[in-house]
Amino acid sequence: MKTHNQLYPEICSFENLLWAAWRAERGKRRQDTIGRFRTNREAELLQLQRELVTQTYRPGPYRETIITRPKTRMISAAPFRDRVVHHALCNVVMPLFEKKMVFDLYSNREGKGTHAAIRRAQEYCRRFDYVLKCDVRKFFPSMDHAILKGVLRKTIACRDTLWLLETIIDGSNRQEPVCSVFAGDDLVDAAGRRVGLPIGNLTSQWFGCIYLTEFDHWVKETLGCAGYVRYVDDFLLFSHAKAQLAGWREAIAGRLAAGRLRLNERKSRTFPTRGGVTFLGQRIWPGQRRLCRQNVADARRRLRWNVRQFRRGDLSQDALECRWNSWRGHAAQADCGPLIERVKQELKYALGTTGT
């Protein structure tokens with residue numbers, strides 16, 4: 001298995017850090033912390049470079065927020081200088097891991113994304129009679145640090161780069177508690193294992209892709225599943241035989257347990273493709289797609305709130321139009337023309353205008 005060395009000088013180069021700062025700033029330049037960093041950008045980046053080169057860099061504390069939609073989760077925001085480091089690291093290291101990933105992994109990859117995953121799932125709905133929908137229970141809070149570090153070492157041989165990767169992993173804040181005891185565990189050793197990565201980090205998103213890459217290959221090559229789509233911890237397996245999917249489900253639970261993960265039993269079920277399957281916020285049939293009802297209700301609520309912000313003067317017309325166009329573009333990916341028109345008319349009425 002090929003490993004890669006001499007990566008750290010490129011990660012620490014001023015050019016890479018400057019590019020990483022630009023990437024981390026995109027769409028967020030009005031935030032106070034980013035503004036302060038930008039006013040003294042060169043000095044900040046040189047200080048960050050010195051800390052990385054001398055390996056005195058330490059991640060800062062996270063800012064934690066609890067969200068309740070679509071489900072209750074803790075979102076963790078790293079300090080801006082740490083986000084610059086995340087981008088600098090991922091820019092150099094992650095293309096090496098991407099070469100090992102299966103084609104039908106759609107999260108956090110250039111040219112992929114949710115809409116591409118949904119289109120692929122619909123293609124498989126047309127080709128197969130049944131689909132097994134699976135979900136990993138509390139994926140990010142459950143990822144085992146020791147296992148993740150072992151997976152990283154199979155590709156990265158550069159000791160300095162491994163130091164930075166492990167520094168970021170070890171700097172994770174405490175996540176929501178999960179049951180991390182598995183069959184055959186020594187209870188004392190199991191209790192001492194570090195688990196959980198912060199939802200919100202760019203590195204966490206990539207680590208989620210990497211953590212299950214060997215599982216992806218196992219599904220494709222050992223199970224022989226010809227129709228497989230994964231987005232983070234949600235994945236679909238397609239087959240012509242319902243019984244085959246039932247057998248695969250049991251095998252998948254065992255394979256995930258080897259990685260100290262658990263299948264979400266309640267959400268992991270088999271469906272006939274002609275009846276449709278819900279995946280990444282859409283209901284998918286062989287011949288059509290629809291946005292899920294809850295997603296539509298949430299979008300309407302957000303857009304109405306944006307209109308109220310605009311009427312109070314807290315949101316510019318350009319920003320309001322951007323948010324409308326963003327949702328309209330998303331909805332247009334499904335077969336939702338009449339819905340888009342209804343929502344448009346609702347917003348016109350709320351604005352008290354008949355204009356666009």
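Helices H2 and H5 cross with a right-handed sense; a crossing is right-handed if the near helix is turned clockwise from the far one by less than a right angle, and left-handed if anticlockwise. The model is predicted, so local features need pLDDT of at least 70 and side-chain atom pairs count only at pLDDT 80 or more, while totals for chains, interfaces and linings use all residues. Residues are numbered from 1 along each chain as its sequence is written, and side-chain values use heavy atoms, with hydrogens and water left out. Helices (H or I, at least four residues) and strands (E, at least two) are DSSP runs, numbered from the N terminus.

**Helix H2 and its partners**

- Two packed helices are described by the angle between their axes and the distance between the axes. Axes are lines fitted to C-alpha atoms, for helices over the stretch in contact, and angles run from 0 to 180 degrees between N-to-C directions.
- The axes of H2 and helix H5 (residues 80-98) come within 8 Å, crossing at roughly 115°.
- On the H2 side, the contact (heavy atoms within 4.5 Å) is made by Asn16, Leu17, Trp19, Ala20, Ala21, Arg23, Ala24 and Glu25. Phe80, Arg83, Val84, His87, Ala88, Asn91 and Val92 contribute from H5.
- Nine nonpolar, three polar and three charged residues make up the contact of H2 with H5. In this classification Ala, Val, Leu, Ile, Met, Phe, Trp, Tyr, Cys and Pro are nonpolar, Asp, Glu, Lys and Arg are charged, and the others, Gly among them, are polar.
- Helix H2 (residues 14-25) also meets helix H4 (residues 41-53): their axes come within 10 Å and cross at roughly 120°. H2 is therefore oblique to H4; angles under 35 degrees count as roughly parallel, over 145 as roughly antiparallel, 65 to 115 as roughly perpendicular and the rest as oblique.
- The crossing of H2 and H4 is right-handed.
- Phe14, Leu17, Leu18, Ala21 and Glu25 of H2 touch Arg41, Glu42, Leu45, Leu46, Gln49 and Leu52 of H4. By class, the contact of H2 with H4 has seven nonpolar, one polar and three charged residues.

**Helices H8 and H11**

- Helix H8 (residues 145-153) and H11 have axes that come within 10 Å and cross at roughly 80°. The two helices, H8 and H11, are therefore roughly perpendicular to each other.
- Ile147, Leu148, Val151 and Leu152 of H8 make the contact with Phe207, Ile210 and Tyr211 of H11. This contact of H8 with H11 has seven nonpolar residues, no polar and no charged ones.

**The four-stranded sheet**

- Four strands form an open antiparallel sheet in the order E4-E5-E3-E6; two strands pair if DSSP finds at least two bridges between them.
- Strand E4 (227-231) and strand E6 (269-272) stand at the edges, each with a single partner strand, so one side of each has no neighbour in the sheet.
- On average, neighbouring strands of this sheet are turned by 20° against each other, direction ignored.
- Strand E3 (residues 130-135) is joined to E6 by four bridges, and the two run antiparallel. Val131 has Phe271 in E6 as its bridge partner.
- Helix H6 (residues 114-127) packs on the sheet, touching E4 and strand E5 (234-239), and its direction makes about 160° with that of E4.
- Six bridges link E3 with E5, again in antiparallel fashion. The bridge partner of Lys133 in E5 is Leu236.
- Helix H12 (residues 213-222) lies across E4 and E5, at about 165° to E4.

**The three-stranded sheet**

- Three bridges join strand E8 (residues 282-284) to E9; Gln282 has Leu291 in E9 as its bridge partner.

**Aromatic pairs**

- The structure holds 10 aromatic pairs. Rings of Phe, Tyr and Trp (its six-membered ring) pair if their centres lie within 6.5 Å; planes under 30 degrees apart count as stacked, over 60 as edge-to-face and the rest as tilted.
- Phe139 and Tyr211 form an edge-to-face pair, 6.4 Å centre to centre with 80° between the planes.
- This pair links distant parts of the chain, with Phe139 in helix H7 (residues 139-142) and Tyr211 in helix H11 (residues 202-211), 72 residues apart.
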